[in-house]
Amino acid sequence: MKMAADVGVIGTGVMGSNLARNLAGQPGIRVAIYDRDVERARAVAAAHPEAEFLVAASPAELASMLHGPRVAILMVNAGPATDSAIGDLTAVFEPGDIIVDGGNSLFTDTIDRGKQAEQSGVEFVGVGISGGEVGALTGPSMMVGGTEAAWRRLRPLLEPIAAKAEITPPETDPEEVPTPTPAEALQTSSAREPETAGEPCIAHVGTDGAGHFVKMIHNGIEYADMQLIAEAYALLRDGAGLTPGEIAEVFAEWNEGELESYLVEVTAEVLAHTDPVTGKPFVDVVVDSAGAKGTGAWTVKTGLDLGAPIATIAEAVFARSLSAATMLRESGRTLDGPRPSAAPSTGSGHASAGTGSDDGSAGSRSAGTSAGTITAGDRAADVETVRQALFAGKILAYAQGLHEIAVGAREFGWDTDLGEVARIWRAGCIIRARFLDRIADAYAAQPQLSSLLSAPYFRDSLNDTQQSLREVVVAAAEAGIPVPALSSALAYYDGIRAPRSSAALVQGQRDFFGSHTYGRVDRPGTFHTLWSAGRSEVEL
Ligand code: 6PG
């Protein structure tokens with residue numbers, strides 16, 4: 001048995017102990033663990049003898065257990081706990097050793113910490129690790145920052161523990177793939193085992209804080225994806241009158257097609273769950289006030305600083321804030337407006353939702369809906385319309401997140417390959433989805449793609465689904481169902497399509513009251529109108 005360990009893990013909470021177990025499961029790898037709560041580390045080692053952990057009682061002892069040059073991975077809470085752990089380690093580490101921060105740290109903190117660690121010759125590497133507790137144990141997606149040299153040293157250690165992704169070929173014709181019944185789909189959806197073959201979902205995405213930046217955007221996209229799904233649920237529940245159990249079957253069926261993803265799969269499971277205490281649908285006993293640890297807000301704040309239009313991600317963050325604004329919502333209870341009053345079911349026994357196809361062919365909604373509902377009386381068509389709207393919203397949200405990565409990489413000097421980012425998000429992480437294969441394909445075909453939306457697959461998908469997105473936003477507004485993420489996705493889509501935007505008037509207003517100047521469409525230069533002196537125009 002090796003007496004010296006190959007890697008140390010600091011922090012033996014669920015994420016840290018699962019990652020340590022994943023590492024210890026790799027052939028020839030010995031792991032030393034340390035926690036400020038030494039008893040917790042000892043308990044983890046006792047609970048998992050197969051891992052043969054070395055347990056350190058202090059940072060100094062951890063350092064003595066590691067062969068040089070040392071590698072230690074922090075799995076502690078972002079913020080002060082991370083700073084404290086870094087301080088403990090840099091006191092006992094030597095030049096050439098590496099400290100990896102595997103927590104959800106803010107990328108600007110990681111940039112600062114890297115500069116600080118450099119003064120003592122220690123390499124500091126921020127790694128975004130996605131996939132939650134299960135991912136940490138069975139294979140997370142990892143977004144690695146830091147120097148190329150550090151990446152070369154960390155790759156042999158981290159690549160084997162990463163999730164593996166097989167390439168999913170472009171959609172086969174739905175006729176060739178028998179559509180499972182809703183019950184079958186619900187049964188199989190949670191049975192999926194993590195893939196063991198394929199490409200490891202880990203990449204070096206840029207220097208210093210790039211790893212934590214890309215992870216932050218991953219979480220921003222996660223917020224948007226979850227909000228879009230929640231709005232599709234609200235439309236089917238409050239607008240079309242489906243029960244949570246019926247909607248669970250709809251999501252399980254959608255998960256067999258182009259919407260296949262971990263978050264759609266999870267949604268089907270949550271909606272199918274019955275509260276054991278009351279016997280009611282679980283979703284009906286949960287307080288409708290969403291929490292957030294902050295990574296979504298970071299994505300939006302950074303997007304505002306970068307000038308990246310990420311409205312759908314922002315609306316997802318704001319929707320959580322609004323849901324938690326108890327006083328504000330109390331004050332709104334008596335305000336006038338349509339109340340969602342879903343029409344009784346008129347369709348077949350269950351919503352036989354489509355799974356969609358590349359050509360987006362779908363039932364069209366008949367005109368007219370009764371007040372407070374989105375249903376035009378044909379439930380299957382309504383469900384398909386919502387599915388198409390959700391797919392369109394998802395494409396637009398991912399496009400916004402990837403655009404923010406591109407803008408951030410330019411701003412911070414990172415050589416981030418968006419196709420590689422999409423490839424390592426295909427498995428292990430929370431936003432893993434079949435259509436990430438299509439995103440990877442798009443960037444492989446056109447590495448300098450200006451926007452995901454100009455890639456043929458996504459342009460065509462939006463051509464096929466944008467009308468459903470439009471109809472759903474209109475129907476939701478008429479029914480009084482809030483769909484901020486879907487609405488902002490539509491506004492983003494129409495905004496980037498518009499040949500002329502109303503920003504021309506904004507420029508005129510800014511010049512009128514602030515002399516902020518403007519450009520002219522008919523010639524280059526910067527101009528100002530003397531609004532209070534004859535309104536003549538001067539060129540600056
Ligand atoms: C992941 C998750 C994880 C995140 C949780 C909670 O990629 O494994 O994104 O990093 O912390 O999802 O996030 P919120 O509390 O902000 O929803």
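I take buried to mean under 20% relative accessible area, exposed over 50%, and partly exposed in between, with a 1.4 Å probe and protein chains only. With a relative accessible area of 40%, T138 is therefore partly exposed.

**Conventions.** I note that this is a predicted model, in which local features need pLDDT of at least 70 and side-chain atom pairs count only at pLDDT 80 or more, while totals for chains, interfaces and linings use all residues. Residues are numbered from 1 along each chain as its sequence is written, and side-chain values use heavy atoms, with hydrogens and water left out.

**Overall.** I looked up the secondary structure and found 21 helices and 12 strands; helices (H or I, at least four residues) and strands (E, at least two) are DSSP runs numbered from the N terminus. The protein has 540 residues, of which 50% are buried. I recorded an accessible surface of about 23700 Å², with 56% belonging to carbon and sulfur atoms; the areas come from the Shrake-Rupley method with a 1.4 Å probe. Of the contacts (heavy atoms within 4.5 Å) between residues at least 6 apart in sequence, 71% join residues at least 24 apart.

**T138.** I placed T138 in helix α6, residues 132-138. Its C-alpha is 8.5 Å from that of L19, although T138 and L19 are 119 residues apart in sequence.

**α9 with α16.** I then turned to helix packing. Helix α9 (residues 210-239) packs on helix α16 (residues 379-412) at an angle of about 165°, and their axes are 10 Å apart. Axes are lines fitted to C-alpha atoms, for helices over the stretch in contact, and angles run from 0 to 180 degrees between N-to-C directions. The angle makes α9 roughly antiparallel to α16; the classes are under 35 degrees for roughly parallel, over 145 for roughly antiparallel, 65 to 115 for roughly perpendicular, and oblique for the rest. The crossing of α9 and α16 is right-handed, a term for the near helix being turned clockwise from the far one by less than a right angle, with anticlockwise giving left-handed. Among the residues in this contact I noted F213, I217 and L228 of α9, and V386, L390 and F412 of α16. By class, the contact of α9 with α16 has 18 nonpolar, 3 polar and 3 charged residues. Here Ala, Val, Leu, Ile, Met, Phe, Trp, Tyr, Cys and Pro count as nonpolar, Asp, Glu, Lys and Arg as charged, and the others, Gly among them, as polar.

**α9 with α10.** Helix α10 (residues 244-254) crosses α9 at roughly 130°, and the two axes come within 10 Å. That makes α9 oblique to α10, and the crossing is right-handed. I229, A232, Y233, L236 and R237 of α9 meet P244, I247, V250, F251 and W254 of α10. I counted 9 nonpolar, no polar and 1 charged residues in the contact of α9 with α10.

**α13 with α14.** Helices α13 (residues 295-306) and α14 (residues 311-324) pack at about 140°, with axes 9 Å apart. That makes α13 oblique to α14, and their crossing is left-handed. The contact joins G296, A297, T299 and V300 of α13 to I313, A314 and V317 of α14. Its residues divide into 5 nonpolar, 2 polar and no charged.

**α18.** How many residues of helix α18 (residues 435-445) are buried? I found 8 of its 11 residues buried, among them F435, D437, R438 and Y443. Their cover includes α16, α17 (418-424) and α19 (456-479).
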